Amino acid sequence: MNHQEYMKLAISLAAATKGQTSPNPQVGAVVVKNGEILGMGAHLKAGTPHAEVHAIAAAGDKAKGADIYVTLEPCSHFGRTPPCADLIINSGINRVFIASADPNPLVSGKGIERMQDAGIEVVTGLLKEEADALNEPFFHFIKTKTPYVTIKAASSFDGKTAAKTGDSKWITSPESRQDVHRLRHEHDAILTGVNTIIHDNPLLTARLPQGGKNPIRVVLDTNLRIPADANVIRDQSVKTIIFTGCEIDRSKAEELKKYNTEVFSFSANEVPIKEVLRNLGERNIMTLFVEGGSEIHASFINSGFFQQIILYMAPKIIGGNKAIPFIGGDGANYVKDAPALEFTEIEKIGGDLRITAKPLRE
Ligand SMILES: Nc1c(/N=C/[C@H](O)[C@H](O)[C@H](O)COP(=O)(O)O)[nH]c(=O)[nH]c1=O
């Protein structure tokens, strides 16, 4: 195997932990000497050992004189675990290959400098693009302290998310809906609007054949219209946070708190998305899955607070000028004012298309 292949292995280890390490990045590491892999590891959960710790522990004394391939620049500061740069120096490793640089300007380059001062050869930027893509949500979170927002929509070929009767069961295939549960599992939180709660009464849990980690549920509900017996209230398998305006029935809010539910009221009678995202960021929620109705999707898109949209488009035609489009709101007056995206991935899934799009970078 060559340098790229060892780094690919480290990236695959990091990729396997998607959704588990928030608010930390996904990191993989491989220790190699004379073509023999002596150790490998991934960071499994915030607060637990970093990838380099696992890989070097597996190599033991043989790490002396070895190479280490790590997908993110080794940390140089005392977080919840000691600095990996010092561990690498003390292990006798004499060459370090790094893919991504640390996005935190306060620490970026410090670990590299410390290892170089100890006489270690450091090669940076090996498969940087691939590794950076894996941690796009983490880099966004470090930079903005708000969650990386993925809007998920499901529509017919003609862009409808429900028929004029309101019926929507089911537009997309079982395979597509299963894929949605994988995305829920991978996200820290899932957000919807009270209209979806009233109309669909969803659980918003991650129900995969092998189980799944339920994301924290977030409901935007300005006037606290949510039914007290809604599934997201009674289910209690995971916390539900309801964001409201200031003019709500306080006794109803008190009642809801008995069901693993938090009611957070803003000081005005509105629920500003920017403030919701700031609040979720302060709770160390790094990734947010917006499975809203069409009005919620419209407000996220019009505010520009989203990093990607995943549309599951089914080969069905619902039609009708009263049917519900998957993006609601007033819409653009002129095409030139329509938010421009770029398609980043198009996959066939269960007869549907899964189309991923991101806002065009200015
Ligand atoms: N109607 C469709 C969807 N509809 C999604 C609804 O908004 C609601 O989130 C679901 O009813 C989820 O319920 P629960 O959380 O699993 O209990 N979503 C899809 O991906 N395809 C469709 O055809």
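Is Lys 358 buried or exposed? In this predicted model, Lys 358 counts as buried, because its relative accessibility is 16% and the cut-off for buried is under 20%.

**View 1. The salt bridge between Glu 136 and Lys 358.** The side chains of these two residues, Glu 136 and Lys 358, come together with an N to O distance of 2.9 Å. Glu 136 belongs to helix H6 (residues 136-144) and Lys 358 to strand E16 (residues 352-359), so that the pair links distant parts of the chain, 222 residues apart. While Lys 358 is buried at 16% relative accessibility, Glu 136 is partly exposed at 23%.

**View 2. The salt bridge between Glu 291 and Lys 152.** Here the N to O distance between the side chains is 3.2 Å. Because Glu 291 sits in the loop between strand E12 (287-290) and helix H12 (294-303), and Lys 152 in strand E6 (residues 148-155), the pair ties together parts that are 139 residues apart in sequence. Glu 291 is buried, with a relative accessible area of 12%, and Lys 152 is likewise buried, at 11% relative accessibility.

**View 3. The salt bridge between Glu 275 and Arg 278 within helix H11.** The side chains of Glu 275 and Arg 278 meet at 3.0 Å, N to O, and both residues lie in helix H11 (residues 273-282), three residues apart, which is about one turn of the helix. Glu 275 is partly exposed, with a relative accessible area of 28%, and Arg 278 is partly exposed with 40%.

**View 4. A network of salt bridges.**

Terms used:
Residues numbered from 1 in each chain as written. Predicted model: local features only at pLDDT ≥ 70, side-chain atom pairs only at ≥ 80, totals over all residues. Heavy atoms only, no water. Salt bridge = Lys/Arg side-chain N within 4 Å of Asp/Glu carboxyl O. Helix = DSSP H or I, 4+ residues; strand = E, 2+ residues; numbered from the N terminus. Buried < 20%, exposed > 50% of the residue type's maximum accessible area, 1.4 Å probe, protein only.
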